[in-house]
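Subject: Structure handover

Hello,

Here is the structure I promised to pass on. Please open it first, then read my notes below.

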Amino acid sequence: DAARTAWTKKDEPAAAEFLRSAIITARSEASLRRELASALFHLGKLSQKLGPAGDAEAEGFLTEALAISEGLFGRGSTALAPVLNELARLHFHRSEYARAGDVLERLLAIARAKSDENADAATVLAGLAVVKRRLGDDASAEALYRDALRIREKVLEPSHMATIVTLEHLSETCAARGNLGDVGLAPGDQL
């Protein structure tokens with residue numbers, strides 16, 4: 001796989017060209033839909049690293065990869081998670097927070113289909129909380145951080161780095177709202 005070899009060697013422009021060639025080939029053969037979706041996803045991800053021109057193309061590649069993947073796996077499939085995650089990251093990077101939030105809401109529904117309380121759901125909740133803060137909705141961000149923290153304390157452990165970071169973000173959000181006493185630390189707990 002030439003694109004993978006180029007990517008491994010950190011030759012991102014060559015990897016992008018190999019992916020473009022693979023996309024042209026896959027578009028001409030209906031039996032290569034899965035490969036087409038994969039190549040589009042990887043090119044969308046890689047394009048963001050190639051400067052403003054690549055960043056502008058990334059959304060189109062990722063959106064097409066998502067549409068093909070939905071056709072292959074269904075709209076609620078966990079197979080869509082990497083593409084949705086990358087789309088959310090792209091929107092966040094562009095300061096398109098409302099769009100990032102929409103994608104993360106969809107990703108949350110997929111994560112919660114496994115179970116209501118799992119590490120993936122907690123990660124998406126924390127991401128949504130960041131988006132809400134950027135949109136100026138600290139009350140919603142606080143509720144999302146609390147939900148993420150509750151899940152992380154249950155499925156990870158209180159001393160896990162992700163749990164600690166979530167607690168720190170929750171305390172920052174509470175402080176921004178003027179209610180630091182509401183973080184929920186027990187006496188003797190430390191941030």
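A word on exposure to begin with: a residue is buried under 20% relative accessible area, exposed over 50%, and partly exposed in between (1.4 Å probe, protein chains only). This is a predicted model, in which local features need pLDDT of at least 70, side-chain atom pairs count only at pLDDT 80 or more, and totals for chains, interfaces and linings use all residues. Residues are numbered from 1 along each chain as its sequence is written, and side-chain values use heavy atoms, with hydrogens and water left out.

Helices (H or I, at least four residues) and strands (E, at least two) are DSSP runs, numbered from the N terminus.

**Salt bridges**

A salt bridge here is a side-chain nitrogen of Lys or Arg within 4 Å of a carboxyl oxygen of Asp or Glu. The structure has 18 of them. Here are some.

Arg-75 pairs with Glu-70 through their side chains, at 3.1 Å from N to O. Arg-75 is exposed, because its relative accessibility is 55%. Glu-70 has 18%, so Glu-70 counts as buried.

Arg-20 forms a salt bridge with Glu-17, at 3.6 Å from N to O. The two are three residues apart in helix H2 (residues 12-27), so about one helical turn separates them. Arg-20 is partly exposed at 25% relative accessibility. Glu-17 is also partly exposed, at 47%.

Glu-142 and Arg-146 make another bridge, at 2.9 Å from N to O. Both sit in helix H8 (residues 138-155), four residues apart, which is about one turn of the helix. Glu-142 is buried, with 7% relative accessibility. Arg-146 is partly exposed, with 29%. There is also a network: salt bridges that share partners join Arg-112, Asp-116, Glu-117, Asp-147, Arg-150 and Lys-154.

**Helix packing**

Two packed helices are described by the angle between their axes and the distance between the axes. Axes are lines fitted to C-alpha atoms, for helices over the stretch in contact, and angles run from 0 to 180 degrees between N-to-C directions. Contact means heavy atoms within 4.5 Å.

Take H5 and H6. Their axes are 8 Å apart, at an angle of about 160°. The two helices are therefore roughly antiparallel. Angles under 35 degrees count as roughly parallel, over 145 as roughly antiparallel, 65 to 115 as roughly perpendicular and the rest as oblique. Residues of H5 that meet H6 include Leu-84, Ala-88 and Phe-92. On the H6 side, Tyr-97, Val-103 and Leu-107 are among the partners.

Now H6 and helix H7 (residues 119-134). Their axes come within 9 Å and cross at roughly 160°. This pair is therefore roughly antiparallel as well.

**An aromatic pair**

Rings of Phe, Tyr and Trp (its six-membered ring) pair if their centres lie within 6.5 Å; planes under 30 degrees apart count as stacked, over 60 as edge-to-face and the rest as tilted. By this rule there is one aromatic pair. Phe-92 and Tyr-97 form it, edge-to-face, with 5.2 Å centre to centre and 65° between the planes. Phe-92 is partly exposed at 27% relative accessibility. Tyr-97 is buried at 14%.

**Loops**

Ser-95 lies in the loop between helix H5 (81-93) and helix H6 (97-114). Ser-95 is not a glycine, yet has a positive phi of about 65°. At 44% relative accessibility, Ser-95 is partly exposed.

Lys-10 also has a positive phi of about 65°, again without being a glycine. Lys-10 is placed in the loop between helix H1 (2-8) and H2. With a relative accessible area of 68%, Lys-10 is exposed.

**A buried serine**

Ser-69 belongs to helix H4 (residues 52-73). Ser-69 counts as buried because its relative accessibility is 5%. Leaving out residues up to four places away in sequence, Ser-69 touches Ala-37, Gly-74 and Leu-80. Ala-56 is 13 residues away along the chain, and 21 Å separates the C-alpha atoms of Ser-69 and Ala-56.

Best wishes
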